[in-house]
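We will walk through it one stop at a time.

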Amino acid sequence: MDFSLGEDLTLIRDAARELADNEIAPLAEEADRTGTFVWEQFRKAGELGFAGMLVPEAYGGSGLGSVALSLALIELSRACASTGVTLSVHNSLACGAIVEFGTEAQKRRFLPAMAAGEVLGAYSLSEANSGSDAASLKASAVRDGNDWVLNGTKLWVSSGSHAGTFIVFVRTNSNVEKPHRGISAFILPRETPGFTVGKAEKKMGLKGSSTSELIFEDARLPVDLMLGTEGQGFEIAMKLLHAGRVGIAAQSVGIAEACLAASIRYSGERVQFGKPIQEFQAVQWKLAEMRTRIEASRLLVLQASWLKDRGEPHVAECSMAKLFASRTANYCAKEAVQIHGGAGYTADFPVERFLRDARATEIYEGTTEIQKLVIARSLLRDGP
Ligand SMILES: Cc1cc2nc3c(=O)[nH]c(=O)nc-3n(C[C@H](O)[C@H](O)[C@H](O)COP(=O)(O)OP(=O)(O)OC[C@H]3O[C@@H](n4cnc5c(N)ncnc54)[C@H](O)[C@@H]3O)c2cc1C
């Protein structure tokens with residue numbers, strides 16, 4: 001067994017680290033304060049190849065795979081969690097959808113600009129009344145000659161206000177016994193007639209990422225923009241989410257690392273009772289606990305990504321990585337605020353942003369509770 005990253009992966013991680021420290025971190029506080037979308041950060045990441053990490057070279061990407069993507073997401077999310085989620089969704093859920101299920105023509109049309117970071121991708125499954133129960137979604141598409149005509153409203157779309165290419169899931173058949181069999185996937189370009197982006201949510205955190213409503217009013221898509229086959233949409237949605245989750249787990253590790261670094265820094269500077277507070281064992285225990293949970297999370301993320309790259313079963317592993325890493329991010333953010341005392345509760349220190357950003361990691365791409373369902377299902381079916 002070899003836990004070293006090797007030369008190529010080390011180079012990728014270091015390039016992401018340099019980008020994160022020099023170009024992304026300096027913009028993070030302002031993006032959060034002003035709610036400015038992380039366009040500049042996304043484009044910079046794109047210039048270095050971080051927007052096309054799952055896209056094969058033939059379509060303009062680097063095809064480096066899931067381990068490389070996870071390493072990059074950890075580094076970039078350490079600097080800015082909004083940049084992390086934007087890149088995770090773009091790579092895993094949007095580019096990944098077309099790479100895995102697209103036709104040759106769809107790949108040639110959409111992937112090169114997305115891999116270059118010129119066009120941002122989004123993934124739209126959730127609706128107001130279908131979140132965890134995604135199979136109950138209501139937005140629909142009806143065939144009309146050579147088009148599909150879409151109607152309805154989607155919600156919670158990360159990057160929705162800024163994306164150019166959307167992967168959308170709608171109902172194409174209501175007369176099926178099992179509702180998930182009536183769902184199909186489409187690639188929807190932003191300029192599609194009848195398609196508009198609605199309101200953006202006012203969120204607790206991740207303020208540099210837009211989270212928006214999509215509205216279809218007789219939106220017309222040519223039949224060749226269906227992704228996969230009719231009725232395959234739910235299978236596509238789940239397959240992407242199972243793997244995409246590890247990206248959110250990587251984002252969580254990045255947030256947790258930022259919390260630990262801030263806590264070490266502050267506890268070394270803050271003096272109470274005549275000494276830096278990190279000389280108190282109670283504070284050291286917090287740091288040790290954070291470090292240990294981060295390391296365990298990182299190993300789960302890398303293992304799940306490695307299994308995915310090898311084409312081995314990885315669904316439960318991705319869920320375990322997300323379950324543990326997202327909780328670790330929340331644990332570390334809470335402890336980081338505690339170590340900062342009153343200062344941690346103010347916007348003068350970044351840990352309050354980390355706490356607000358961390359909260360989402362236990363909700364999107366499947367809540368903590370849904371991860372446990374996925375893990376338990378696999379455990380009871382396949383054994384430990
Ligand atoms: C910042 C942000 C970005 C997002 N980005 C996207 C995106 O890009 N694309 C997209 O499609 N969606 C996106 N989402 C939506 C997200 O995936 C959903 O919020 C999530 O799946 C939960 O759905 P819900 O909010 O409807 O909660 P609900 O499903 O209503 O869940 C409410 C509570 O009930 C629990 N619960 C529900 N069912 C069960 C069950 N069977 N067993 C136990 N507990 C259960 C949940 O765990 C949760 O605690 C985003 C959400 C947020 C907050």
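**Before you click.** This is a predicted model, in which local features need pLDDT of at least 70, side-chain atom pairs count only at pLDDT 80 or more, and totals for chains, interfaces and linings use all residues. Residues are numbered from 1 along each chain as its sequence is written.

**Stop 1: the domains.** Colour domain 1 (6–119), domain 2 (123–231) and domain 3 (235–382) separately; such bounds come from an automatic or database domain assignment. The C-alpha centres of domain 2 and domain 3 are 30 Å apart.

**Stop 2: the ligand.** Which residues are closest to the ligand? Select Gly 131, Ser 132, Ser 158, Thr 367 and Glu 369, the closest of the 21 residues that surround the ligand (C-beta atom, placed from the backbone, within 6 Å). Strand S3 (147–158) gives the most to this shell, with 3 residues (helices, H or I of at least four residues, and strands, E of at least two, are DSSP runs numbered from the N terminus). Domain 2 and domain 3 each supply at least three residues to the shell, whose make-up is 10 nonpolar, 8 polar and 3 charged.

**Stop 3: two helices.** Now show helix H3 (residues 66–79) and helix H7 (residues 281–309), whose axes come within 7 Å and cross at roughly 150° (axes are lines fitted to C-alpha atoms, for helices over the stretch in contact, and angles run from 0 to 180 degrees between N-to-C directions). H3 is therefore roughly antiparallel to H7 (over 145 degrees).

Stop 4: Most residues other than glycine have a negative phi. Glu 365, in the loop between helix H9 (351–361) and H10, has a positive phi of about 55°. Is Glu 365 buried or exposed? Glu 365 is buried, with 30 other C-beta atoms within 10 Å (buried: 20 or more; exposed: 12 or fewer; partly exposed: in between; C-beta atoms placed from the backbone). Finish at Asp 218 in strand S7 (residues 211–222), where phi is near 50°. With 13 C-beta neighbours inside 10 Å, Asp 218 counts as partly exposed.

Conventions: Angles under 35 degrees count as roughly parallel, over 145 as roughly antiparallel, 65 to 115 as roughly perpendicular and the rest as oblique. Ala, Val, Leu, Ile, Met, Phe, Trp, Tyr, Cys and Pro count as nonpolar, Asp, Glu, Lys and Arg as charged, and the others, Gly among them, as polar.
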